[in-house]
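Hi,

Here is the structure I promised to pass on.

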Amino acid sequence: MRILLMGNPNVGKSVVFSRLTGVHVISSNYPGTTVGYSRGFGKIGDQQVEIIDAPGTYTLEPTCEAERIALKLLETGDVVVNVVDATNLERNLYLTLQLLERNVPVVVALNMWDDTKHRGIHIDLDRLREMLGVPVIPTVALTGEGIRQVVESIPSAASLDVPPRSSDERWVTVGHIVEQAQQVTHRHHTWLERLADASVRPLTGGIIALAVLAGTFVLIRLIGESLIGYVVDPLFDTLWAPVILRIHELMGPGILHDIVVGEIAGGEVDFVESFGLLTSGLYVPFGMVLPYILSFYLVLGLLEDVGYLPRLAVLMDTVMHRLGLHGYAIIPTLLGLGCNVPGILATRILESKRERFVAATLISIAVPCAALQAMVFGLVGERGVEYVAIVYGTLFAVWILLGIVLRRAVRGFTPELLIEIPPYRLPAWSSLVQKLWMRARGFVVEAVPIILGAIVAINLLYAVGVFDAIADVTAPVVTTVLGLPKEAVVALTIGFLRKDVALGMMGPLSLTSGQLVVGSVVLAMSFPCIATFVVLLRELGVRDMLKATALMLAAAIVVGGLLNLVL
Amino acid sequence: MSVTQLAAGQSGKVLAVTGGHGMVSRLAALGIRPGKRIVKVSSAFMRGPVVIQVDRARVAIGFGMASRILVEPD
């Protein structure tokens, strides 16, 4: 049996899903968190059932890719658990009626039930059950309240044989149901609501946005630096370095030694530059990148769960239209600052093909992922804050300029912004920590093997001499246009595997600060890493992906060349 | 008058949504349809999006779309 979780965006389907299956999925406080679907298994009595978490949708007439996915899933479900936001009954019931007309068995989970009390909403459950003709169970997915009753009512759910209605008839029916089953008493605005409205007004909103962005940056930096300085570095230096030196002595020289511990000069381990599996192979992911992954995703998770991001979308809308996007594209872009892959996937919340192309291309070219940024902080930061600022300033300028160009060059239209803005919520710490854990684990499981593989490959290819050949062929562009030593080609090539390792490879080349800036920027802009490449291909198709890639290479060379002239 | 002409904080009743079927049904799905009472929360500079409250939800609407939602102010 296949059970489908369906409902309006941002009603808590993913939280219900986690409760039912024990499988944790990312849930946040904004519409459009789930753009694909998650599958899990749960038990009803003794029976094992498949449970699907569908993207949220307001109606069964899809307007974007995420909603189309939801509609397709509906055709495959045996039972639908319709998750309904109890505080927005009227709007949510429209979809409920549409689902009932599909003659599929439905169970209604009236979620966020706890919120109705302090919002002055009284729902007559018996009346609602009677009028809808299906089980209606109040739930609080975050605490698990009511989830057991939802499961228990699934086996007896039956389809109703409701004739199809026109949209007007549906609204009349919804109005009738709400009038009979719901009473709302007036109450005063809470401070959270006042703050919520202040953050979309132009003046106060602008001030709040600047404060939030500045706070975000300082917090990410502070947490990342502290983790590195007080936790990770001491561990590597005092505990791991002696082990490495011992291995170094035991192994003696040779290619195996170079692969395992890399280059060790003067009896001291340089974790960044030695490039062995056990030295840089561990230090780059765990010592340099992971601390920033943790701090970035902690802060992003906070912003997501509070519900700030859609407000930023409103404030940024006018600016984003100049780039051929609307304000909501800021959310995929921010996700891209963590990792380009989820960022590009999140472009599914955008309505038109043009917007998706522009947003995905801009992310893959001008939005550096957290892993690369961590390396920029680590390596470029040593040369001075001003150089880090040049890297960021350049990428930001590229994002704007390329967006302006794409807006003119890409045909199609950009629809206007139309989004629901969720209320501010105080984040639930348990789900915040859960989300952080999932994302950090994702990095360790998916990135670390590639990093280790890349280090082995680099050492082997060096030994064979392949890199010298590549370096010789591409030398004219790299040395004359970009002003980098030809060995930097190797690093740029490795960028296709992992950008963090690639920037790490520029460490031992004794580059000038200017060259390091050029290298960082070109690395960020040029060829996407392999994971991003695969997602681009899947989301855009071959033709658009090739277009995006050509644009990337051209833009990287032009911008790198210009920087080389200036610096 | 249209929603864009309402002052922030002013409330009104939706009279009509003048637009194509797609736009009308998208707005309706978010609860914005003739007969509904709305409150304008804010508008942005330079013909930016308008935020309105309908029932207990807040919805941000692009300026062009908002200018085609006709309301009768209270």
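Predicted model: local features only at pLDDT ≥ 70, side-chain atom pairs only at ≥ 80, totals over all residues.

The predictor assigns the complex an ipTM of 0.95, along with a pTM of 0.90. For chain B, the mean pLDDT is 92, and 100% of its residues reach 70 or more.

On to where the chains meet. Chain B puts 25 residues into the contact and chain A puts in 27. Which elements of chain B each supply at least two residues to the side that touches chain A? They are helix H1 (21-29), strand S2 (37-43), strand S4 (57-61) and helix H2 (63-66). The biggest share on that side comes from S4(B), which gives 5 residues. By class, the side of chain B that touches chain A is made up of 14 nonpolar, 6 polar and 5 charged residues.

Now chain A by itself. Its domain assignment lists domain 1 as 2-184 and domain 2 as 202-566. Taken over C-alpha atoms, the centres of these two domains of chain A are 38 Å apart. Domain 1 of chain A brings 17 residues to their contact, and domain 2 of chain A brings 22. On the domain 1 side, those residues split into 8 nonpolar, 8 polar and 1 charged.

One is H9 (residues 202-251) with H11 (residues 280-306), both in chain A: their axes come within 8 Å and cross at roughly 150 degrees. The crossing of H9(A) past H11(A) is right-handed. Residues making the contact include A:Leu219, A:Ile223, A:Gly224 and A:Asp233 from H9(A), and A:Phe286, A:Gly287, A:Pro291 and A:Ser295 from H11(A). In total, this contact has 15 nonpolar, 4 polar and 1 charged residues.

The other is H21 (residues 499-506) with H22 (residues 513-525), also of chain A, where the axes are 10 Å apart and the packing angle is about 160 degrees. H21(A) makes the contact through A:Lys499, A:Ala502, A:Leu503 and A:Met506, while H22(A) uses A:Leu516, A:Gly519, A:Ser520 and A:Leu523. Those residues come out as 5 nonpolar, 2 polar and 1 charged.

Cheers

Key
Residues numbered from 1 in each chain as written. Chains lettered and ligands numbered in written order. Axes fitted to C-alpha atoms, helices over the stretch in contact; angles between N-to-C directions. Helix = DSSP H or I, 4+ residues; strand = E, 2+ residues; numbered from the N terminus. Left-handed = near helix turned anticlockwise from the far one by under 90°. Contact = placed C-beta atoms within 7 Å. Nonpolar A, V, L, I, M, F, W, Y, C, P; charged D, E, K, R; others polar. pLDDT = per-residue confidence, 0-100. Domains from an automatic or database assignment.
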